[in-house]
Amino acid sequence: MTKRRVVPDFTLLALALLLSVYGIAMVYSAGQTDVLTRVATLWQRQAGWFALGLVAAYGVSRAPLRMLDWVTPQLYAATCVVLLVLVFVGKGFGTGASTKSWLAIGGFRLGQPSELAKIVVVLTLAKVLAARRDAPKSLFDLWQPALVVGIPWLLIMAQPDLGTGLVFIGIFFAMLFWAGCSWQLLVLAASPGISLLLAVSTTSWGAWFLLLIGLVVWYKPYVAESVFVIVANIAMGVVAPLVWEKLNPYQQKRLLVFLDPGSDPLRSGYHVIQSQVAIGSGGWLGKGFTLGTQKRLAFLPAQHTDFIFPVVGEELGFLGVTVALLLFLWLFLRCVRVAGRATDSFSSLVAFGLVSTWFVHLLVNIGMTLNLVPVTGIPLPFFSYGGSFMLACWIAVGIEMRISGDGRGKADTLTI
């Protein structure tokens, strides 16, 4: 009889620890301003959430993956029905400046359910895809995965929370890719959304539609699928003006500012302009830890949360940014390796889904600070201040550790 030994992945753990300590240090620096005093102690709360996250990660890493697989449907139901619906309905439970993404009862904020919902969606989608014998081969094969992601996505967008909605879409396509879907099928699935985005320009939409027709002719999907894709793309081009009218005013302004930050430099474009100034002024080595002028004078909005990356760029310069990005890259590659060495398809999909969540967060957060994507209000993993997000990040680390330990112990068994 043999017993598998779980081998801890100390490299993965060390990378997550380094990123967290780096992040807490930057939250501390973000609180050192000449005009604001209420943010000076936020790093202490972040450190507390970090400690709680370590405990949660340890507990999750000790749980058998079979148990995690078994409780996934219950977690999904609880997430959709209890947490997200409560936030959506409100009635004294949901709070937030422009969204209802915070869950609060009796004036006490319990956190953002959407952060834990990302992990639950990854688990549920992995369970659905792992149950298939083969990778999805047609659009009709995607109905169940789309339903799994679509229900919480609709609840999230109804809050509205565009940033989290983008993360859910990223999770969906990343896990379909890892499950073996062809790139042609992924493009067809994403085509209606692409048409909606390109509909702002008739020329761009027309060129995209011609490329799509060529892809349909070459890929040769089922006739019903071809008709559905073409009709859906035409419909998205037609309804794009209606979708624009349905957007909240602040969302419209964010999109307009993305195209031209100077159109509203003192309001909607203020975040992006100050962010670019802070990053650009850092140079190669930065102005020094806690010495960033944009930050100290509080010109940089949300500098301890969504816009903490410009603080890194201003104070630590190109060198500090490079170190942070290299740590992220190393962590991502390590998690992809974990997914590749997993003992079963469920574990592999979970590992890849979790790292894809971090990747989308990183891509959108840094992109919005550089005005490469519209401002959506999405935090930077391990860096941005926020208890529920830090806790969710470390729960994900715990799951990755468990999957890595099982994979590493696969070839290393003890005989009893």
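**Close-ups of a predicted model**

Leaving aside neighbours within four places in sequence, Ser61 is in contact with Gly398, Met401 and Arg402. All the views here come from a predicted model.

View A. With a relative accessible area of 16%, Ser61 falls under the 20% cut-off, so it counts as buried. Its side chain reaches back to the backbone oxygen of Tyr58, at 2.7 Å.

**View B. Arg334 paired with Asp9.** Here the closest N and O atoms of the salt bridge are 3.1 Å apart. Arg334 belongs to helix 13, while Asp9 is in the loop between strand 1 (2-4) and helix 1 (10-30), so this pair ties together parts that are 325 residues apart in sequence. Buried or exposed, which is Arg334? Arg334 is buried, at 13% relative accessible area. Asp9 is buried as well, with a relative accessibility of 2%.

**View C. Asp69 meets Lys127.** These two side chains form a salt bridge, at 2.7 Å from N to O. Asp69 comes from helix 3 (residues 65-89) and Lys127 from helix 4 (residues 113-130), so the bridge links parts 58 residues apart in sequence. Asp69 is partly exposed, at 23% relative accessible area, and Lys127 is partly exposed too, at 31%.

**View D. Arg132 and Asp141.** Another salt bridge, this one with its closest N and O atoms 3.7 Å apart. Arg132 has a relative accessible area of 32%, which makes it partly exposed. Asp141 also counts as partly exposed, at 24%. How many salt bridges does the model have by this rule? The count comes to eight.

**View E. Phe383 in the largest nonpolar core.** This core has 95 residues, and Phe383 is one of the four that touch the most other members, along with Val350, Trp358 and Phe382. Not counting residues up to four places away in sequence, Phe383 touches a list of residues that includes Leu19, Tyr22, Met26 and Val27, as well as Ile308, Val312, Ala324 and Phe328. Gly23 and Gln46 are also among its contacts.

**View F. A nonpolar patch on the surface.** Trp284, Leu285, Phe318, Leu319 and Val323 make up this patch, and together they have about 600 Å² of accessible area. Leu319 belongs to helix 13, which covers residues 308-341.

Technical notes: Residues are numbered from 1 along each chain as its sequence is written. This is a predicted model: local features need pLDDT of at least 70, side-chain atom pairs count only at pLDDT 80 or more; totals for chains, interfaces and linings use all residues. Side-chain values use heavy atoms; hydrogens and water are left out. Buried means under 20% relative accessible area, exposed over 50%, partly exposed in between (1.4 Å probe, protein chains only). A polar contact is a pair of N or O atoms within 3.5 Å; within protein, one must be able to donate a hydrogen and the other to accept it, and residues adjacent in sequence count only if both atoms are side-chain atoms. Contact means heavy atoms within 4.5 Å. Patches are made of residues with over 30% relative accessible area and no salt bridge: like charges are joined within 9 Å, nonpolar side chains (Val, Leu, Ile, Met, Phe, Trp, Tyr) within 5 Å. Accessible areas come from the Shrake-Rupley method with a 1.4 Å probe; for residues, only the protein chains shown count as cover. A salt bridge is a side-chain nitrogen of Lys or Arg within 4 Å of a carboxyl oxygen of Asp or Glu. Helices (H or I, at least four residues) and strands (E, at least two) are DSSP runs, numbered from the N terminus. A nonpolar core is a set of buried Ala, Val, Leu, Ile, Met, Phe, Trp, Tyr and Cys residues joined through side-chain atoms within 4.5 Å.
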